[in-house]
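Subject: Structure handover

Hi,

Here is the structure for you to look over.

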Amino acid sequence: MIVELRQYTLRPGMRETLIELFEREFVTAQEAVGITLGGRFRDVDDPDRFVWVRAFPDMAQRKRALEAFYYGPLWREHREAANTTMLDSDDVLLLRGPGYRPPACTPLVTVTICHLEPGGSGPAAGPAAHRTEHAANTFPALPVREEADVLLWFTEGAAARPHWPGRVEQLRLAPVGPQG
């Protein structure tokens, strides 16, 4: 499965405005065009960050679904309202993996992101790990971090930092809305 981990930096105080718009307008609309919506989160450590996950069966379906959504009437109607909440929406990792939606009533999710050296394999992370997808971005209107080479996974609750010599990021996230 092709997965996007999207991290949006928002204008100060605008996170709840975007979340309300996103949950009301964008969840069902994306699912209607074949996008699998995963977890949607508030970053616990940054009040101006919204993080979310979506998935597609393959790169060709990603292109078709994103075209249908972003060139469709619902996005045209609400894009200005969404975009005015954002400072940056280009922090996107394009991955291959199972996707992720937290179980109901999960109060905290930790995303561990291990940055790999060229040719590196990373720490043992199990079958739920996601790895950078190096295919060409089939929808260039939405940039992805093409320079990134990462291995990442989601953990319900707090997670220990892995023993890894390279750069490791951990995002502490609180799920938004009904996702379970």
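Below are the notes on the barrel, its strands, a helix, a loop residue and the pocket.

This is a predicted model, so local features need pLDDT of at least 70 and side-chain atom pairs count only at pLDDT 80 or more, while totals for chains, interfaces and linings use all residues. Residues are numbered from 1 along each chain as its sequence is written, and side-chain values use heavy atoms, with hydrogens and water left out.

**Barrel**

Eight strands close into a barrel: the 8 strands run S1-S3-S2-S8-S5-S7-S6-S4, with antiparallel pairing. Neighbouring strands of this sheet are turned by 35° against each other on average, direction ignored. Strands here are DSSP runs of E, at least two residues, and helices are runs of H or I, at least four residues, both numbered from the N terminus. Two strands pair if DSSP finds at least two bridges between them.

**Strand S3 and its partners**

S1 and S3 pair in the antiparallel sense over 8 bridges. Leu-5 stands opposite Val-53 of S3, and Glu-4 stands opposite Arg-54 of S3. S2 (residues 36–43) pairs with S3 in the antiparallel sense over 5 bridges. There, Phe-41 faces Val-51 of S3 as its opposite residue. A hairpin through 5 residues joins S2 to S3.

How many residues of S3 are buried? The count is 8 of the 8, so S3 is largely enclosed by the rest of the structure. Buried means under 20% relative accessible area, exposed over 50%, and partly exposed in between (1.4 Å probe, protein chains only). Both faces of S3 are covered. Arg-49, Val-51, Val-53 and Ala-55 sit on one side, with Phe-50, Trp-52, Arg-54 and Phe-56 on the other.

Gln-7 lies in S1. Gln-7 is buried, with a relative accessible area of 3%. Not counting residues up to four places away in sequence, Gln-7 touches Arg-49, Phe-50, Val-51, Asp-88, Asp-91, Ile-113, Arg-145 and Leu-171. Contact means heavy atoms within 4.5 Å.

**Strand S7**

S7 (residues 150–156) is mostly covered, with 5 of its 7 residues buried. S5 and S7 pair in the antiparallel sense over 7 bridges. S6 (residues 130–132) and S7 also pair in the antiparallel sense, over 2 bridges. Look at Leu-151 in S7: Leu-151 is the bridge partner of Cys-114, and Arg-131 stands opposite Leu-151 too.

**Helix H2**

H2 lies across S1, S3 and S4, running at about 125° to S3. Axes are lines fitted to C-alpha atoms, for helices over the stretch in contact, and angles run from 0 to 180 degrees between N-to-C directions.

Arg-62 is in H2. Is Arg-62 buried or exposed? Arg-62 counts as buried because its relative accessibility is 0%. Its contacts, not counting residues up to four places away in sequence, are Ile-2, Glu-4, Phe-56, Leu-94, Asn-137, Thr-138, Phe-139, Leu-142 and Val-144.

Ala-65 is also in H2. Ala-65 is buried, with a relative accessible area of 1%. Ala-65 touches Val-33, Ile-35 and Phe-56, again not counting residues up to four places away in sequence. Ala-65 and Gln-30 are 35 residues apart in sequence and 7.9 Å apart in space, C-alpha to C-alpha.

**Cys-105**

Cys-105 is in the loop between S4 and S5 (109–115). Cys-105 has a positive phi of about 70° although it is not a glycine. At 81% relative accessibility, Cys-105 counts as exposed.

**Largest pocket**

The largest pocket holds about 210 Å³ of space. A pocket is an open set of points on a 1 Å grid over the protein atoms alone, where a 1.4 Å probe fits, with protein on both sides within 12 Å along at least five of seven lines; lining residues have an atom within 4 Å of a point. Grid points are joined across faces, edges and corners, and a volume is the space filled by probe spheres set on the points.

The lining of the largest pocket has 17 residues, and Tyr-8, Tyr-70, Trp-75, Asn-83 and Met-86 lie nearest the centre. S1 (2–10), H1 (15–32), S3 (49–56), H2 (59–70), H3 (73–83) and S4 (86–96) each supply at least two lining residues. H1 gives the most, with 4 residues. By class, the lining has 12 nonpolar, 3 polar and 2 charged residues. Ala, Val, Leu, Ile, Met, Phe, Trp, Tyr, Cys and Pro count as nonpolar, Asp, Glu, Lys and Arg as charged, and the others, Gly among them, as polar.

Best wishes
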